Amino acid sequence: MNLKSLRLFRLIVLHGSLASAAERLHLSQSAASRLIALLEDEIRLKLFTRARRRLLLTPEGELFFQEAEQILMGVDEIPRIAEDIRGKNREKFTLVTSVPLGTCLVSPTISDMRRQEPDFDCRIHIEGRFEIENKVARRRYNLGLISLPITNAIVELQVEPVLQVRIEALLPRHHPLAARDAIRAEDLLDQPIVSLQPHQLWRRRLDEIYATAGAKPRMAIETTSTLMVQQLVRDGNGVSIMDRTCARLLPGDSVVFRPIEPERWVTYACIFPTSGRPPLADLFVDCLRGYVRRLCREDAEAAPSFRLLKPGDQASGAA
């Protein structure tokens with residue numbers, strides 16, 4: 001398959017114009033049209049339809065673009081990879097996770113790693129859950145940090161559960177429920193709820209908790225961002241449900257966590273390609289466990305919300 005045709009395809013999608021894409025690749029429009037026609041013949045898919053002199057992706061073209069974009073991103077990385085191989089003077093460590101886990105767990109863990117092993121290059125990527133599992137399996141990253149269970153049944157991964165974190169209510173500090181030691185789903189029935197959208201994982205967990213009370217949440221605000229949920233609760237727009245890997249609270253913070261009863265726990269794991277893992281990945285896991293131990297020593301109020309799992313433990317998703 002011609003890489004130029006894939007690059008042309010990507011440029012047409014990004015710019016919405018065959019003429020603009022052809023100009024960027026120094027092609028005539030007729031030559032560009034032939035390349036796209038050859039690409040469609042080769043893959044036996046119709047990629048575009050025409051609308052008002054613009055090329056629009058077909059549903060098949062949209063799916064093909066998602067996969068082709070990943071391939072081209074990998075190809076674009078080849079010069080940097082070659083430079084890294086030529087250098088051979090520093091170890092490389094690549095990690096992928098979500099924004100909340102990155103800020104609450106990965107950042108302090110990397111800091112501890114660098115104190116022990118300062119001479120390595122680290123690249124931290126943020127992806128959606130499906131992409132994390134898929135790309136670690138394809139060896140794009142040394143390690144991924146996610147919650148269990150694995151959702152992509154097709155991929156093969158090494159999975160090492162590391163810790164469990166209790167699900168809690170996130171409340172403004174001066175909220176009446178903040179005076180309680182624990183909160184039941186029934187206590188939240190009349191509360192305005194700030195949460196993620198229905199297809200997102202934390203929203204599904206919230207809905208499951210309400211289902212135990214035979215009720216549905218009184219949704220005040222929906223968003224796609226866990227960080228936005230935190231800020232909306234800080235600003236008094238309602239309450240939410242999450243765990244302490246989603247919000248790294250500071251002393252005197254305007255929000256507090258209160259545990260949900262009956263207890264529910266989320267298991268977090270490091271995932272690796274089946275081909276193995278480099279020493280820096282093992283160091284990350286050790287430092288992650290060390291960070292959680294230190295956090296529990298230094299924050300007595302947070303300590304009961306964490307359970308460290310021993311290597312080899314097989315824990316399920318939510319307990």
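The dialogue below goes through how terms are applied to this predicted model.

Biologist: What are the ground rules for the numbers and the atoms?
Modeller: Residues are numbered from 1 along each chain as its sequence is written, and side-chain values use heavy atoms, with hydrogens and water left out. The model is predicted, so local features need pLDDT of at least 70 and side-chain atom pairs pLDDT 80 or more, while totals for chains, interfaces and linings use all residues.

Biologist: How many helices and strands does the protein chain have?
Modeller: The protein chain has 10 helices and 14 strands.

Biologist: Why is H1 called roughly perpendicular to H3?
Modeller: Helix H1 (residues 3–15) and helix H3 (residues 29–43) pack at about 105°, with their axes 9 Å apart. Axes are lines fitted to C-alpha atoms, for helices over the stretch in contact, and angles run from 0 to 180 degrees between N-to-C directions. Under 35 degrees is roughly parallel, over 145 roughly antiparallel, 65 to 115 roughly perpendicular, and the rest oblique. That makes H1 roughly perpendicular to H3.

Biologist: Which residues of H1 and H3 meet?
Modeller: Lys 4, Ser 5, Leu 6, Leu 8, Phe 9 and Ile 12 in H1 meet Ala 32, Leu 35, Ile 36 and Leu 39 in H3. Contact here means heavy atoms within 4.5 Å.

Biologist: What is the contact of H1 with H3 by class?
Modeller: It has eight nonpolar, one polar and one charged residues. Ala, Val, Leu, Ile, Met, Phe, Trp, Tyr, Cys and Pro count as nonpolar, Asp, Glu, Lys and Arg as charged, and the others, Gly among them, as polar.

Biologist: What makes the reach of H3 close to the expected one?
Modeller: The expected span is 1.5 Å times one less than the number of residues. H3 has 15 residues and reaches 21 Å from its first C-alpha to its last, close to the 21 Å expected. Just after H3, Arg 44 takes a positive phi of about 60°.

Biologist: Which residues in H3 are buried, and what covers them?
Modeller: Ala 31, Ala 32, Leu 35, Ile 36, Leu 39, Glu 40 and Ile 43 are buried. Buried means under 20% relative accessible area, exposed over 50%, and partly exposed in between, with a 1.4 Å probe and protein chains only. The cover includes H1, helix H2 (18–24), strand S1 (48–51) and helix H4 (59–76).

Biologist: What makes strand S6 mostly covered?
Modeller: Eight of the 10 residues in S6 (residues 157–166) are buried.

Biologist: How do you know that S6 and S13 pair?
Modeller: Two strands pair if DSSP finds at least two bridges between them. S6 and strand S13 (residues 265–273) have nine, in the antiparallel sense, and Val 159 stands opposite Ile 271 in S13. With strand S14 (residues 306–308), S6 pairs in the antiparallel sense over three bridges; there the bridge partner of Leu 163 is Leu 308.

Biologist: What makes S8 and S11 edge strands?
Modeller: The order of the open sheet is S8-S12-S7-S11, with mixed pairing. Strand S8 (183–184) and strand S11 (240–242) each have a single partner strand, so one side of each is left without a neighbour in the sheet.

Biologist: In what sense do S9 and S10 pair?
Modeller: Strand S9 (residues 192–196) and strand S10 (residues 218–223) pair in the parallel sense over five bridges. The bridge partner of Ile 193 is Met 219 in S10.

Note on methods
Helices (H or I, at least four residues) and strands (E, at least two) are DSSP runs, numbered from the N terminus.
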